[in-house]
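Here are my notes on this one, in numbered points. Have the model open while you read.

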Amino acid sequence: MATFDDFVDKARSAAETMGKKGSDLIEVTRLKVDIAEQEKELSYTMEGLGRLLYDQRKNGTDVEQQMEEGVRRADELNVRINQLRDKICAVQHTVRCRACGGVSPRDAVYCQKCGSRLGD
């Protein structure tokens, strides 16, 4: 028969587990909001690159420097988005496939989405 102390220990352990899961949920939500903001900025950047290209073709204006800056910014945003997605995987104990971006359990050998081998 379990003692009262065993009951209290199990209740405390359950409360800590629930607190950790709640904390993880909040962290994942915060990261997803950050990803959405970065993706929105990436969309605006890509739209701007399209406008620059259009202006160059239409008017013959030199937009090379602005294009380089836009491409650099888009690359930075993509890196940041991937870092945030990797943080989500770390919190959720999953791994992202480098080939397709699919998410699989950490102990998976192959991607559940595309079948690529998941490596180091």
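1. In what order do the elements of the protein run from the N terminus on? The order is α-α-β-β, with 2 helices and 2 strands in the protein. Here helices (H or I, at least four residues) and strands (E, at least two) are DSSP runs, numbered from the N terminus.

2. Some housekeeping before the details. This is a predicted model, where local features need pLDDT of at least 70 and side-chain atom pairs count only at pLDDT 80 or more, while totals for chains, interfaces and linings use all residues. Residues are numbered from 1 along each chain as its sequence is written, and side-chain values use heavy atoms, with hydrogens and water left out.

3. Now the overall shape. The C-alpha trace spans about 85 × 30 × 20 Å along its principal axes. The radius of gyration is 23 Å, whereas a compact globule of 120 residues would have one near 14 Å; the value is taken over C-alpha atoms, and the globule rule is 2.2 Å times the number of residues to the power 0.38. Of the 120 residues, 22% are buried (under 20% relative accessible area; exposed is over 50%, partly exposed in between, with a 1.4 Å probe and protein chains only).

4. On to the charges. Side chains of opposite charge can pair when their charged atoms come close. I see 9 salt bridges listed, each being a side-chain nitrogen of Lys or Arg within 4 Å of a carboxyl oxygen of Asp or Glu. Take Arg73 and Glu41, whose closest N and O atoms are 2.5 Å apart. This pair links distant parts of the chain, with Arg73 in helix 2 and Glu41 in helix 1 (residues 4-59), 32 residues apart.

5. Glu47 and Arg51 make a local pair to look at, with closest N and O atoms 2.4 Å apart. They sit 4 residues apart in helix 1, so about one helical turn separates them. Glu47 is partly exposed at 41% relative accessibility, and Arg51 is partly exposed at 49%.

6. Check Arg96 too: its salt bridge with Asp86 has closest N and O atoms 3.0 Å apart. Arg96 belongs to strand 1 (residues 94-96) and Asp86 to helix 2, so the bridge ties together parts 10 residues apart in sequence. Arg96 counts as buried because its relative accessible area is 11%, while Asp86 is partly exposed at 29%. Elsewhere, salt bridges that share partners join Glu41, Arg72, Arg73 and Glu76 into one network.
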